Amino acid sequence: MPSLRLANLIDGRLQAPHLDRWLEVFEPATGEVFAHCPDSTAEDVADAVAAAQRASSAWAATPTEQRARLLHRLADLIEARLDAFAALESRDSGKLLSLARSLDIPRAVSNLRYFAAAVVPWSSESHAMELGAINYTLRQPLGVVGCISPWNLPLYLFTWKIAPALAAGNTVVAKPSEITPCTAALLGELSIEAGFPPGVLNIVQGRGPIVGQAIVEHAGVKAVSFTGSTKTGAQIATAAAPHFKKLSLELGGKNPAIVFADADLSDANLDTIVRSGFANQGEICLCGSRLLVQRTIYDNFRARYLERVRALRVGDPLDASSDLGALVSQPHFDKVMGCIAQARDEGGHILCGGQSITLPGRHAGGWYVAPTVIEGLGPNTATNQQEIFGPVVSLIPFEDEAEALAIANGTGYGLAASLWTTDLARAHRFGAQLDFGIVWINCWLLRDLRTPFGGTKQSGLGREGGVEALRFFTEPKNICIRY
Ligand code: NDP
């Protein structure tokens with residue numbers, strides 16, 4: 001099969017990068033190159049920003065309903081090609097085809113539809129003053145905004161940013177991860193078919209430190225919405241600070257799942273707890289990699305949990321019987337294997353997994369890691385403090401609520417926590433004290449797109465989702481009229 005050659009979308013046209021240089025895109029399931037993506041430069045970014053600036057006033061003046069119609073049309077076009085998108089996402093990222101089909105692509109469609117629908121009735125505040133004046137808040141688009149997304153949920157997170165940005169009347173220069181560039185490129189092609197005016201949505205493919213950084217540093221880009229690692233987030237914050245750009249940073253996590261002795265550990269709930277550690281090979285920023293279990297149920301829980309984890313099947317992402325696919329890249333595979341080695345060095349006891357897996361045939365070169373459960377490591381070890389972002393869960397026993405809270409809150413991250421208890425008072429009390437942006441009680445990954453999404457501490461700055469995203473992508477202006 002000939003290699004797929006992706007293009008940039010700039011000014012409504014699919015274009016090769018200025019320097020005609022290309023990056024190899026690997027299929028994680030086989031370790032083989034299957035596509036080439038533009039290795040763009042600051043020059044390509046400058047073209048995209050210029051196109052976005054030219055399109056900016058007309059797009060901002062386009063009636064909201066018309067902007068919403070175009071987003072709905074794009075959603076329809078993606079939905080009509082659900083199978084093609086899911087196959088491409090799976091091939092590009094190593095994730096299960098079934099997951100791409102049931103979660104990633106439908107959610108990308110929902111993101112576009114949600115913000116198309118949410119922006120229409122969206123209104124701003126007014127404040128009347130008794131002395132005879134009225135204030136009203138105008139929420140105006142920012143102009144050109146940058147959207148930079150990671151590789152773990154490629155189209156899902158890409159649309160989570162561009163949908164509110166476009167709905168609110170901004171023009172966009174977006175960069176997907178060079179590791180998983182394919183579905184964003186396909187979306188770019190469909191945006192032309194949907195009828196977006198040239199320059200409204202621009203997609204520049206390439207390396208983070210080149211293309212991403214050029215977007216962040218370009219004086220014409222008024223705000224940057226970024227999802228990725230804490231390290232890159234810090235670099236972006238540093239680069240953006242002198243320009244006083246608005247920033248939304250959704251970063252890493254070291255999320256706890258906390259199981260109290262009174263939890264309802266039905267089979268279904270236990271399955272969810274397993275999923276919360278291993279879904280998408282643990283490559284979801286919301287996965288719980290620290291599993292805190294109350295000591296009185298620890299042994300029994302561990303036995304039931306391990307039985308389930310051992311039954312998980314690592315295999316070809318296209319095979320419906322696989323539970324885990326491949327890790328996204330060789331460097332990420334090496335990182336995860338290094339973290340497992342580090343856990344051993346720290347004195348951790350590997351209860352299951354702990355090794356890579358070589359599949360037969362054409363998958364022999366793929367990057368597969370067995371679901372791994374570790375115990376015996378203190379809360380302050382590197383394993384329990386640093387983000388691994390792979391199929392690795394560390395079991396940590398706790399005595400009581402106070403200890404569970406100290407362990408749960410005791411990392412530099414604060415993205416998401418899940419709590420398992422049937423004690424309603426505890427659920428409210430404990431939930432309020434968890435220093436995380438998102439707390440799930442007796443569930444995990446139950447998402448309502450209207451709710452604020454984001455983390456505390458090193459997990460980020462600002463919130464996405466619902467009106468928070470529309471607020472981020474607009475500038476509030478107060479107008480005061482005396483009468
Ligand atoms: P990275 O930070 O490496 O990359 C994220 C994006 O930023 C990619 O598009 C990358 O491009 C780009 N980038 C890299 N360097 C720069 C730079 N100097 N300036 C501007 N852009 C740059 O993260 P990963 O792709 O490895 O994603 C995994 C991380 O994302 C994990 O830490 C995970 O926790 C986090 N994440 C957070 C979520 C949240 O909502 N809080 C959700 C999902 C993931 P390229 O890939 O081409 O180098």
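Buried means under 20% relative accessible area, exposed means over 50%, and partly exposed lies in between (1.4 Å probe, protein chains only). Asp39 is buried by this rule, with a relative accessible area of 5%. The model is predicted: local features need pLDDT of at least 70, side-chain atom pairs count only at pLDDT 80 or more, and totals for chains, interfaces and linings use all residues. Residues are numbered from 1 along each chain as its sequence is written, and side-chain values use heavy atoms, with hydrogens and water left out.

**Domains and their interface**

- The chain is divided into domain 1 (4-251 + 459-482) and domain 2 (255-448), with bounds that come from an automatic or database domain assignment.
- The C-alpha centres of domain 1 and domain 2 lie 30 Å apart.
- Domain 1 gives 24 residues to the contact and domain 2 gives 28 residues, where contact means heavy atoms within 4.5 Å.
- About 2,200 Å² is buried between domain 1 and domain 2, and carbon and sulfur atoms give 59% of that area.
- Buried area here is the accessible area (1.4 Å probe) that two parts lose on being put together, summed over both.
- Leu96, Trp151 and Ser459 supply 25% of the area that domain 1 buries against domain 2, more than any other three residues.
- Between domain 1 and domain 2 the count is 10 residue pairs in polar contact (both at pLDDT 80 or more).
- A polar contact is a pair of N or O atoms within 3.5 Å; within protein, one must be able to donate a hydrogen and the other to accept it, and residues adjacent in sequence count only if both atoms are side-chain atoms.
- One salt bridge is counted between domain 1 and domain 2, a salt bridge being a side-chain nitrogen of Lys or Arg within 4 Å of a carboxyl oxygen of Asp or Glu.
- Strand 4 (22-27), helix 3 (82-93) and helix 4 (97-119) are the elements that give two or more residues to the side of domain 1 that touches domain 2.
- Helix 4 gives the most to that side of domain 1, with three residues.
- Helices (H or I, at least four residues) and strands (E, at least two) are DSSP runs, numbered from the N terminus.

**Salt bridges**

- The count comes to 23 salt bridges.
- Arg362 and Glu27 meet through their side chains in a salt bridge (3.4 Å, N to O).
- Asp39 and Arg207 form a salt bridge (3.0 Å, N to O).
- That pair links distant parts of the chain, 168 residues apart: Asp39 is in the loop between strand 5 (32-38) and helix 1, and Arg207 is in the loop between strand 10 (201-203) and helix 7 (208-217).
- Arg207 is partly exposed, at 29% relative accessible area.
- Arg54 pairs with Asp11 in a salt bridge, with the closest N and O atoms 3.1 Å apart.
- Arg54 lies in helix 1 (residues 42-61) and Asp11 in the loop between strand 2 (8-10) and strand 3 (13-15), so this pair ties together parts that are 43 residues apart in sequence.
- Arg54 is exposed at 56%, whereas Asp11 is partly exposed at 22%.
- A network of salt bridges links Asp262, Glu401, Arg426 and Arg429.

**Cysteines**

- The count of disulfides is zero, a disulfide being a pair of cysteine sulfur atoms within 2.5 Å.
- The sulfur of Cys37 is 7.9 Å from the closest cysteine sulfur, in Cys182, which is too far for a bond.
- Cys37 is buried, with a relative accessible area of 0%.
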